[in-house]
Amino acid sequence: MAKTNPILEDLARLKREIEALSRMTVHIGIQGDEDSEMLIIASVHEFGATFKMTDKMRRYLGAIGLFDSDEDYTPPAGHQKGYINIPERSFIRASYDTGRKEMDAIVKAALDKMYRGERTAYETMNVIGLQLAQMTQNFINTGSVKPPVSKFTADRKSQKTPLVNSGRLALSITHKIEGGG
């Protein structure tokens, strides 16, 4: 009976896991169809948006005190009359930009466990996805998102932190693994 070489077996295992890993991609963010409500909300906050204000919107916003009255509206400096401007409050790109060192550490630790045979490639990607989604959620929940909310908004919500009120947006940040099969 031929004796097996544990080093060669481990190298073969490692080769299989690296090949499997090379076929995988992990996506962090709001998962869903293009027209899903949460994805639309996330997109508006991530990139900002400008909406043409209808008469009904103007009357409603005037009635709740955003404008001097439901008829008169003088936009803030830099804003166009007749439009609602929602500022960019990047939480996906900004958490990535500010969390590079943390992400590198997460990926390195996960890969080290795979190299040692403690995890499969899929388990490694899953751990990376979970931790990077948590990193993005933390970015929102710790108040790192800029700019701060306006006084009008702050007076009307329970949380003064941008993008945090019910917690629904942060909780919608998940990960999805593609490939690897």
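**A walk through the salt bridges and helices**

Start by selecting K176 and E178: their side chains form a salt bridge, with the closest N and O atoms 3.8 Å apart. Keep in mind as you go that this is a predicted model. Colour the pair by accessibility and you will find K176 partly exposed at 38%, with E178 partly exposed too, at 39%. In total, the structure holds nine salt bridges.

Now move to helix α1, which covers residues 6–22. Show the side chains of K15 and E19, which meet in a salt bridge of 3.9 Å, N to O. The two lie four residues apart in α1, about one turn of the helix. K15 is exposed, with a relative accessible area of 53%, while E19 is partly exposed at 37%.

Stay on α1 and select L8. Because its relative accessibility is 54%, L8 counts as exposed.

For the last stop, display helix α5 (residues 100–115) and helix α6 (residues 121–141). Their axes come within 9 Å and cross at roughly 160 degrees. Angles over 145 degrees count as roughly antiparallel, and α5 and α6 are therefore roughly antiparallel to each other. Their crossing is right-handed.

Before you leave α5, zoom in on K108 and D112, which sit four residues apart in this helix. They form a salt bridge whose closest N and O atoms are 2.9 Å apart. D112 counts as partly exposed, at 23% relative accessibility.

Notes:
Residues numbered from 1 in each chain as written. Predicted model: local features only at pLDDT ≥ 70, side-chain atom pairs only at ≥ 80, totals over all residues. Heavy atoms only, no water. Buried < 20%, exposed > 50% of the residue type's maximum accessible area, 1.4 Å probe, protein only. Axes fitted to C-alpha atoms, helices over the stretch in contact; angles between N-to-C directions. Parallel < 35°, antiparallel > 145°, perpendicular 65-115°, else oblique. Left-handed = near helix turned anticlockwise from the far one by under 90°. Salt bridge = Lys/Arg side-chain N within 4 Å of Asp/Glu carboxyl O.
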